[in-house]
Amino acid sequence: MNALQKVDSEIYDSIKKEEQRQSLGLELIASENYISKAVMEAMGTVLNNKYSEGYIGKRYYAGNEVVDEVENLAIERAKALFGADHANVQPLSGSPANAAVYFATLNPGDKVMGLKLTHGGHLSHGHPINFSGLLYNFVQYGVDEETGLMDMDKIREIALKERPKILVVGFSAYSRNVDWKTFKIIADEINAITFADIAHVAGLIAGKVIDSPVPYFDIVTTTTHKTLRGPRGAIILCKDKYKQAIDRSVFPGLQGGPHDHITAAKAVCFKEAATKEFQKYSADVIKNAKALSAALMARGYKILTDGTDNHLMVVDLRNKEMAGRDAEIILDKVGISISRSTIPGDTRKAMNPSGIRLGTPAVTTRGMTDKEMADIAGFIDQALCSHNDEKKLARIKESVEELCKMFPLTDFIPR
Ligand SMILES: *Cc1c(COP(=O)(O)O)cnc(C)c1O
């Protein structure tokens with residue numbers, strides 16, 4: 001980054017500081033990951049300079065022969081990776097991808113059914129302060145507040161009563177396998193469109209370690225930067241029947257020119273995700289999540305649904321006399337990044353809810369295993385138990401740094 005250092009030493013220094021932070025800290029935020037050098041290199045290229053509004057062979061600008069090649073590779077790889085009929089690789093991020101799906105299939109005011117944010121859903125699945133909740137008539141389903149699990153009978157009951165035009169299935173904080181097939185059966189009973197948002201678990205689906213909604217669902221969106229370990233962005237997969245509506249909705253409906261450098265990086269990410277190594281990585285992510293949740297439970301922590309089938313877990317801190325944001329701040333002091341989380345039926349405010357969410361995608365990319373998960377559970381427990389003891393917190397921070405140094409990010413952070 002010689003040029004950057006010369007032109008803008010302030011931004012250069014900030015980036016170096018962030019590299020240091022990522023290298024020496026334990027990243028347990030379930031939606032974060034470290035991308036490969038290959039993905040990062042693809043992003044920092046001249047493809048950034050191009051305007052290519054439109055689609056392959058039908059652009060509104062000249063000079064898109066190479067971009068067409070890049071976008072075609074991204075599309076074909078996405079289709080092969082997920083077994084989809086059609087892929088649109090232009091969405092700029094997860095929320096805009098979801099907006100494009102709604103614009104393609106709904107009129108303002110139409111009824112949609114999605115999982116409540118406080119039960120693990122996403123803002124773009126109908127939260128009242130989000131465009132989705134403002135534009136459409138969302139009815140929400142939740143999980144069982146006792147078990148933390150989706151109750152398919154209850155969901156069917158709400159669906160038959162409300163008869164939404166779309167049934168949205170997706171989550172940011174649910175740790176169990178989703179019964180995609182039953183959702184499809186329920187949707188068929190009321191002629192609803194099935195829309196899955198697999199932003200969190202796309203990597204695990206691509207790695208073939210958990211079930212995919214793609215064979216059953218009409219439309220599937222995913223971000224590319226979470227478990228999938230690609231650039232920040234998203235894609236939309238759909239059955240042939242919806243391809244024209246989806247493509248028109250992304251452009252010209254919602255977006256302008258695609259980010260071709262990011263499209264290239266998405267293509268690289270799909271190529272990496274189709275390898276045996278990535279399949280092993282995905283299996284290890286789940287193995288580590290199970291190990292971390294077991295180690296925390298052994299230390300008296302309550303995990304929603306008593307464990308996990310995927311890369312994440314939500315810890316209910318109500319028996320620990322500590323709230324989620326407070327835990328987030330204490331853990332940050334020792335170099336462990338996590339995110340606060342509501343728990344189903346939470347009586348606390350979203351700013352400082354009763355739980356925290358932990359995930360293993362990033363630490364697994366570093367090469368950590370179940371042994372390190374037990375160490376991490378120990379660090380978390382010690383930090384939360386001795387939160388008033390600054391000396392002790394400083395010692396835990398040293399141990400966290402030592403552990404991180406044993407798993408350097410040499411393959412992921414460019415030197
Ligand atoms: C992360 C996430 C998104 C949003 O992605 P952005 O790229 O942050 O807009 C959408 N849906 C779900 C389920 C997510 O977890």
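This is a predicted model: local features need pLDDT of at least 70, side-chain atom pairs count only at pLDDT 80 or more; totals for chains, interfaces and linings use all residues.
**Stop 1: helix α16**

Select residues 390-406, helix α16. Its 17 residues should span 24 Å at 1.5 Å a residue, and the end C-alpha atoms are 25 Å apart, which agrees.

Now show side chains for L393, I396, V400, L403 and C404, which are buried in α16. They lie on the same side of the helix, because they cover an arc of only 100 degrees around the axis. An α-helix has 3.6 residues a turn, so residues three or four places apart point the same way.

Turn to the other side of α16. Here K391, R395, E398, E402, K405 and M406 are exposed.

The buried residues of α16 pack against helices α2 (9-24), α13 (324-333) and α15 (370-385), and against strands β1 (26-27) and β13 (336-337).

**Stop 2: the largest cavity**

The model holds 4 cavities of 30 Å³ or more. The largest has about 70 Å³ of space.

Select F171, R176, N177, V178, W180, V201, I205, I210, D211 and N310 to see its lining. Colour by class: 6 residues are nonpolar, 2 polar and 2 charged.

**Stop 3: the second largest cavity**

This cavity has a volume of about 60 Å³. Select G83, A84, D85, V214, F217, D218, I219, V220, L237, C238 and K239, which line it.

Then show strands β9 (219-223) and β10 (234-238); each supplies at least two residues of this lining. By class, the second largest cavity is lined by 7 nonpolar, 1 polar and 3 charged residues.

Technical notes. Residues are numbered from 1 along each chain as its sequence is written. Side-chain values use heavy atoms; hydrogens and water are left out. On a 1 Å grid over the protein atoms alone, a cavity is a set of points where a 1.4 Å probe fits but cannot get out, and a pocket is an open set with protein on both sides within 12 Å along at least five of seven lines; lining residues have an atom within 4 Å of a point. Grid points are joined across faces, edges and corners, and a volume is the space filled by probe spheres set on the points. Ala, Val, Leu, Ile, Met, Phe, Trp, Tyr, Cys and Pro count as nonpolar, Asp, Glu, Lys and Arg as charged, and the others, Gly among them, as polar. Helices (H or I, at least four residues) and strands (E, at least two) are DSSP runs, numbered from the N terminus. The expected span of a helix is 1.5 Å times one less than its number of residues. Buried means under 20% relative accessible area, exposed over 50%, partly exposed in between (1.4 Å probe, protein chains only). The arc is that of the directions from the helix axis to the C-beta atoms. Contact means heavy atoms within 4.5 Å.
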